[in-house]
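Subject: Structure for you to look at

Hello,

Here is the structure I said I would pass on. Please open it next to this message and find each residue as you read.

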Amino acid sequence: IRAIALAYEHKYRRALETVIKNDFAGHMEDALVRMVRTGADKAMRDAIALEECMSGPGTKDERLTTRIVALHWDRGHAGQVRGAYKHRYKKDLISRIRGETSGDYERILVAMME
């Protein structure tokens, strides 16, 4: 998928993800964008997914918990996600989690990401 996305961008001077977002909607758009992001950069895909859980009004707690628990099982990847998050959003992921959560819930999510 990475090769396809790169070849598409080289040939048409547009990112494949952008084209998908413009031409599809709903679940199909979500699935195709996730596939392209997975092929391009898994750490960035997960960093974006975490920010989507925390952005906007209210935190999507169930999604945030699910994503952090999944990252917890691969410590190396979790470190890459923290780096990708800092690169894209110019802020620390753990600080962002602390700002969106509180109490025992905050402590357990932070502990899993450290």
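This is a predicted model: local features need pLDDT of at least 70, side-chain atom pairs count only at pLDDT 80 or more; totals for chains, interfaces and linings use all residues.

Salt bridges

The structure holds 9 salt bridges. I describe some of them here.

One of them is between Arg 45 and Asp 46, whose side chains meet at 2.9 Å, N to O. Are these two residues buried or exposed? Arg 45 has a relative accessible area of 15%, and Asp 46 has 11%. Both partners count as buried, because buried means under 20% relative accessible area.

Another salt bridge is between the side chains of Arg 96 and Glu 100, at 2.6 Å, N to O. To find this pair, go to helix α7, which covers residues 93–100. Arg 96 and Glu 100 are 4 residues apart in that helix, so about one helical turn separates them. Arg 96 is buried, with a relative accessible area of 15%. Glu 100, with 27%, is partly exposed.

The side chains of Glu 106 and Arg 98 also meet in a salt bridge, here at 3.9 Å, N to O. For a bridge to be counted, the nitrogen has to lie within 4 Å of the carboxyl oxygen, so this pair is included. Arg 98 is partly exposed, and its relative accessible area is 40%.

Two loop residues

Now turn to the backbone. Phi of Arg 13 is near 60 degrees, which is a positive value in a residue other than glycine. Where is Arg 13? Look in the loop between α1 (2–12) and α2 (16–23). Arg 13 is exposed, at 67% relative accessibility.

Lys 90 is not glycine either, and phi of Lys 90 has a positive value near 60 degrees. Lys 90 sits in the loop between α6 (75–89) and α7. Its relative accessible area is 66%, and Lys 90 counts as exposed because the cut-off for that class is over 50%.

When you go through the model, you could start with the buried pair Arg 45 and Asp 46, then go on to Arg 96 and Glu 100 in α7, and end at the loop residues Arg 13 and Lys 90.

Regards

Definitions and conventions. Residues are numbered from 1 along each chain as its sequence is written. Side-chain values use heavy atoms; hydrogens and water are left out. Buried means under 20% relative accessible area, exposed over 50%, partly exposed in between (1.4 Å probe, protein chains only).
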